[in-house]
Amino acid sequence: MASRYNYVRNSGDMNQWELTNASATSRTPIPAGLSVFQNLTGLNTGTNRVAASELSVGANNICVSAIAIHNTTNWVLINMYSPDFSKSANAWFNVNTGVLGTLNYSGGLSGWTHAIFINPGGIGWEIKMYGAIDSTGWHLEVRPVNGDAVYESTAGNSIGIGGWQVELGTVRTTYKPTTTAVVTRTLTSVAVSNNYNTTYIGNTMPVTVTLLDDTGAPWDQEGTITMASSNESTATVSAVAGSTNSSGSTTATVTPVAVGTTNITAIAAGVTSP
């Protein structure tokens, strides 16, 4: 788990995607964590869409996500479809009220899920859909639409959207912008906060582990994290198993057993804290 990828090329500029009866123009304000945010606007009454380059990720479970906000329409449709167009998953989101719309399939596809959350960046909504694809070459398509379970829009209807990310798993991790190539996030450091007072001998105390990537951003959803004490005659520490939170942190328990000092270390995916 030492690397994560964003498989959407030109993740912040839909003008580099395939626009059909649609335009992508800059808009402000821009949500925190993004450098570009765009209005996707339908130019005709009918099918207005934008499609990303085919995804290079192979058969796997993937999460497709973005940050979106309503403009002249409330609804956006995300469509994932196979290279031969025989399979697709379609998810509708109301990016005005935060209501989930319809999720449907074609070609025998099943098992996908969609979700919407208030954007931690303070503007708009985080929208995502996740499920299994069976080959490389799948496509991501986006449409501003007139309503739930509707595939078309009226000319001039638009939504604000950006920060596109396709990655393995079921969660949106810290956004990694791309241009013409897939971009890798690498887990590079583990920081440990070891704050306890020996007057609390015999009582349990929290110790926090924070994981960071190569840009210093939080590393989300790490797997098993192991912690150890350098001097168990002074303090013992429980192992941590599970995922970090959206701030890249998780907490273990330290039990001081005698007056003295000890170093607490953490190991995650081969990276060890100082």
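This report describes the fold, surface and nonpolar cores of a predicted model.

## Basis of the model

Local features are given only where pLDDT is at least 70 and side-chain atom pairs only at pLDDT 80 or more, whereas totals for chains, interfaces and linings use all residues. Residues are numbered from 1 along each chain as its sequence is written, and side-chain values use heavy atoms, with hydrogens and water left out.

## Overall fold

The chain has 20 strands and zero helices, where strands (E, at least two residues) and helices (H or I, at least four) are DSSP runs numbered from the N terminus. Its C-alpha atoms fill a box of roughly 75 × 35 × 30 Å along the principal axes.

Of the contacts (heavy atoms within 4.5 Å) with a separation of 6 or more, 66% are accounted for by residues 24 or more positions apart. Buried residues (under 20% relative accessible area, 1.4 Å probe, protein chains only) make up 48% of the 274 residues.

## Nonpolar cores

A nonpolar core is a set of buried Ala, Val, Leu, Ile, Met, Phe, Trp, Tyr and Cys residues joined through side-chain atoms within 4.5 Å. The largest one has 36 residues, and those with the most contacts inside it are Ile127, Leu140, Ile161 and Trp164. Among the elements that give two or more residues to this core are strands S6 (60–70), S11 (125–133), S12 (139–145) and S13 (158–168).

Leaving aside residues up to four places away in sequence, Ile161 touches residues including Met14, Phe37, Leu40, Ile67, Val76, Ile127 and Val142. A second, separate core of 17 residues includes Leu187, Val207, Met227 and Ala252.

Conventions. Buried means under 20% relative accessible area, exposed over 50%, partly exposed in between (1.4 Å probe, protein chains only).
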